[in-house]
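Hello,

Here is the model you asked for, with my notes below it. Please read the notes against the coordinates.

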Amino acid sequence: MLMLITMEINIVGLLKLAWLFSILPILIASLPIFTIHNPLYHTLLVFVGRGKIIQSSSPLNKLTVPQRFFSHFYVLAVVWTSFLLLTTWAYAHKLGSLVFESTSHAGIASYLAGGSHISSIKKPLSNSPEHAYMVWRSVFLLLLMEIQVLRRLYESLCVFNYSSTARMHVLGYLTGLFFYTAAPLSLCCHCAPEVYSFVGNLLAEFIVKGKNHMHLTDFQWLEYVIPLVRLRWCQWVGAVVFFWGWLHQRRCHAILGNLREVKENAGDYKIPHGDWFELVSSPHYLAEMVIYGGLVVASGGLDVTVWLLFAFTVANLAFAAAETHRWYHRKFDDYPSNRYAIIPFMY
């Protein structure tokens with residue numbers, strides 16, 4: 001029990017530190033008073049640059065990889081998220097169906113205070129209804145993440161025609177690998193130590209007893225689905241926000257993909273039109289913010305780790321969107337003047 005709590009604190013603490021150290025350089029580089037002459041700004045611009053906005057004149061750009069390596073992010077994301085989803089789902093099923101304490105004052109107070117984490121430490125893990133809710137909520141968040149990364153993998157392989165000359169910096173490539181490792185884990189980090197122990201015990205049982213001697217039960221899919229349906233209102237509101245952004249990002253990616261249908265002309269750029277492109281220059285980035293904002297809502301809004309994941313997404317994409325917006329204005333004399341960079345009517 002004590003070891004599991006220690007592992008939880010270590011995982012959560014490391015993730016928080018990782019997100020903070022990733023966010024701070026972007027925030028410092030984005031300060032208006034430093035933007036023009038700040039070396040950190042120009043260095044960071046090289047690292048996040050890719051495709052059309054990469055700074056080809058910088059000597060740092062000798063360390064680049066093809067932009068088509070974007071698919072590596074989503075292969076990793078699908079494999080890793082699928083593993084976390086399946087193992088967490090199996091552990092949640094082991095805990096049983098949800099029986100909330102919502103009719104009691106103790107249950108309501110525990111929930112408002114972020115009770116899933118508090119009760120998981122003060123009471124035996126498997127005996128707390130709030131803890132069971134936290135695990136099933138993690139399953140719900142991972143399920144949303146799985147839907148996102150599966151679509152992104154499909155788009156990277158079938159929708160985008162990356163130019164053979166399009167590059168991205170190797171640090172940006174490593175950042176992408178970090179993001180799609182840390183993001184799914186951030187959605188289930190509070191129960192990850194228990195899931196790890198659960199999977200380890202299953203493997204040990206399999207090694208010792210063998211398949212034929214393990215206790216197996218008939219698969220009842222309703223037992224795996226009904227607890228998700230019984231989750232609280234914030235999970236479903238978050239899912240609505242998530243799918244709102246998800247659908248708009250899908251449309252915006254289709255618009256970008258159609259601009260370069262012919263690979264021979266993959267180096268040509270055109271002004272995109274349609275959907276949120278009529279409002280901002282990088283609506284696919286805006287949609288990504290909405291998607292991760294939906295995950296914050298679905299998490300209950302009390303998990304600092306998920307908030308930091310969202311903050312990094314916003315900071316990173318806003319930084320890249322600002323440079324994309326400037327690139328459009330430099331490239332096209334007739335670029336629509338009423339478009340903002342990423343936040344409609346604001347920025």
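Helices (H or I, at least four residues) and strands (E, at least two) are DSSP runs, numbered from the N terminus.

The model is predicted: local features need pLDDT of at least 70 and side-chain atom pairs count only at pLDDT 80 or more, while totals for chains, interfaces and linings use all residues. Residues are numbered from 1 along each chain as its sequence is written, and side-chain values use heavy atoms, with hydrogens and water left out.

Confidence
The mean pLDDT (the predictor's confidence in each residue, from 0 to 100) is 79 for the protein, and 72% of the residues score at least 70. Helix 11 (residues 283–298) has the highest confidence, at 96, and helix 5 (residues 115–122) the lowest, at a mean of 40. The pLDDT is below 50 over residues 100–125, a stretch that still has 48 contacts in the model beyond near neighbours in sequence. A contact means heavy atoms within 4.5 Å.

Overall figures
Of the contacts in the protein with a separation of 6 or more, 80% are between residues 24 or more positions apart. The protein has 347 residues, and 50% of them count as buried. Buried is under 20% relative accessible area, exposed is over 50%, and partly exposed lies in between (1.4 Å probe, protein chains only). The accessible surface is about 17600 Å², with 67% of it belonging to carbon and sulfur atoms; areas come from the Shrake-Rupley method with a 1.4 Å probe, and for residues only the protein chains shown count as cover.

Annotated spans
The unreviewed UniProt entry annotates residues 20–48, 69–92 and 170–187 as "transmembrane region". UniProt positions are in the numbering used here, feature names are shortened, and annotations may be inferred rather than shown by experiment. In the model, residues 69–92 are 96% helix and 0% strand, with the end C-alpha atoms 35 Å apart. Residues 170–187 are 94% helix and 0% strand, and their end C-alpha atoms lie 26 Å apart.

Salt bridges
The whole structure has seven salt bridges, each a side-chain nitrogen of Lys or Arg within 4 Å of a carboxyl oxygen of Asp or Glu. Glu155 is buried at 3% relative accessibility and pairs with Arg151, the closest N and O atoms being 2.8 Å apart. Arg151 is also buried, and because the two are four residues apart in helix 6 (residues 129–158), about one helical turn separates them. Arg152 forms a salt bridge with Glu155 too, at 3.7 Å between the closest N and O atoms; Arg152 counts as buried at 11%.

Elsewhere, Arg330 bridges to Glu323 with the closest N and O atoms 3.3 Å apart. Arg330 is exposed at 54% relative accessibility, whereas Glu323 is buried at 5%. Salt bridges with shared partners join Arg151, Arg152, Glu155 and Glu288 into one network.

Surface patch
Leu279, Tyr340, Phe345, Met346 and Tyr347 make a nonpolar surface patch of about 570 Å². Patches are made of residues with over 30% relative accessible area and no salt bridge; like charges are joined within 9 Å, and nonpolar side chains (Val, Leu, Ile, Met, Phe, Trp, Tyr) within 5 Å. Met346 is in the segment after helix 12 (304–331) and is exposed, with a relative accessible area of 66%.

Regards
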